[in-house]
Amino acid sequence: MWLALLMALVSGIAMAFQGSLNSALGKIIGLLQATLVVHLTATLTVIILLFTPLSDGSLSKLLHCPWYLWLGGLIGVLITYGVVASIPRVGVALATTAIIVGQVSTALLIDHFGLFGMDKMPFTWWKAAGLVLLAAGARLMLN
């Protein structure tokens with residue numbers, strides 16, 4: 001469990017850097033152009049990684065996936081564009097805070113209902129309190 005949390009923490013750190021870098025790129029070449037470059041470089045990286053020991057899956061099973069599991073790429077474009085567009089306007093900290101509030105709120109719903117094949121993890125009053133405190137912290141960031 002601790003390793004998974006550490007990986008999530010490192011991912012969060014990387015997301016702050018990524019958002020900043022993508023936004024800086026967007027200022028120079030444009031929002032959609034930066035979104036394209038980000039996804040092209042990500043695609044090239046994944047293609048290279050497919051030929052390493054990190055690859056343990058099988059693309060042959062792709063057509064057996066439910067249709068909604070194909071939406072991740074589309075959502076990734078929307079996320080990247082939203083980050084590239086929002087950070088220059090409100091700053092890295094505030095944009096990241098809004099992103100986290102949105103992520104946690106949605107994640108609580110996905111967990112509670114077990115959407116997309118995820119294990120159900122019931123919503124509790126402790127989680128509600130955490131969400132309220134998170135939102136309150138986000139509100140404080142607006143000042």
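This briefing walks through a few features of the structure above, topic by topic. The model is predicted, so local features need pLDDT of at least 70 and side-chain atom pairs count only at pLDDT 80 or more, while totals for chains, interfaces and linings use all residues. Residues are numbered from 1 along each chain as its sequence is written, and side-chain values use heavy atoms, with hydrogens and water left out.

**Helix α4**

- Helix α4 covers residues 92-113; helices here are DSSP runs of H or I with at least four residues, numbered from the N terminus.
- The expected span of a helix is 1.5 Å times one less than its number of residues.
- A95, T97, V101 and L108 of α4 are buried, where buried means under 20% relative accessible area, exposed means over 50%, and partly exposed is in between (1.4 Å probe, protein chains only).
- The cover over these buried residues includes α3 (72-90) and α5 (125-141).
- Just after α4 comes G114, with a positive phi of about 60°.

**The largest pocket**

- A pocket is an open set of points on a 1 Å grid over the protein atoms alone, with protein on both sides within 12 Å along at least five of seven lines; the probe is 1.4 Å, and lining residues have an atom within 4 Å of a point.
- The largest pocket holds about 280 Å³ of space; grid points are joined across faces, edges and corners, and the volume is the space filled by probe spheres set on the points.
- Its lining has 15 residues, and M15, Q18, I79, V83 and I99 lie nearest the centre.
- Two or more lining residues come from each of α1 (2-29), α3 and α4.
- Helix α1 gives the largest share of the lining, six residues.
- Sorted by class, the lining has seven nonpolar, eight polar and no charged residues; Ala, Val, Leu, Ile, Met, Phe, Trp, Tyr, Cys and Pro count as nonpolar, Asp, Glu, Lys and Arg as charged, and the others, Gly among them, as polar.

**N22 in helix α1**

- N22 sits in helix α1 and counts as buried because its relative accessibility is 9%.
- Leaving aside residues up to four places away in sequence, N22 touches A34, V38, T80 and V84, a contact being heavy atoms within 4.5 Å.

**Aromatic pairs**

- There are two aromatic pairs in the structure; rings of Phe, Tyr and Trp (its six-membered ring) pair if their centres lie within 6.5 Å, with planes under 30 degrees apart called stacked, over 60 edge-to-face and the rest tilted.
- The W67 and Y68 pair is edge-to-face because the ring centres are 5.8 Å apart and the planes stand at 85°.
- W67 is exposed at 65% relative accessibility, whereas Y68 is partly exposed at 32%.
- Y68 also pairs with F116 in a tilted arrangement, 5.8 Å centre to centre with 45° between the planes.
- Y68 lies in the loop between α2 (31-49) and α3, and F116 in the loop between α4 and α5, so this pair ties together parts 48 residues apart in sequence.
- F116 is partly exposed, at 49% relative accessibility.
- Ring pairs link W67, Y68 and F116 into a cluster.

**After helix α5**

- N143 is in the segment after α5 and is exposed, with a relative accessible area of 74%.
- N143 and L94 are 49 residues apart in sequence, and their C-alpha atoms are 10.0 Å apart in space.
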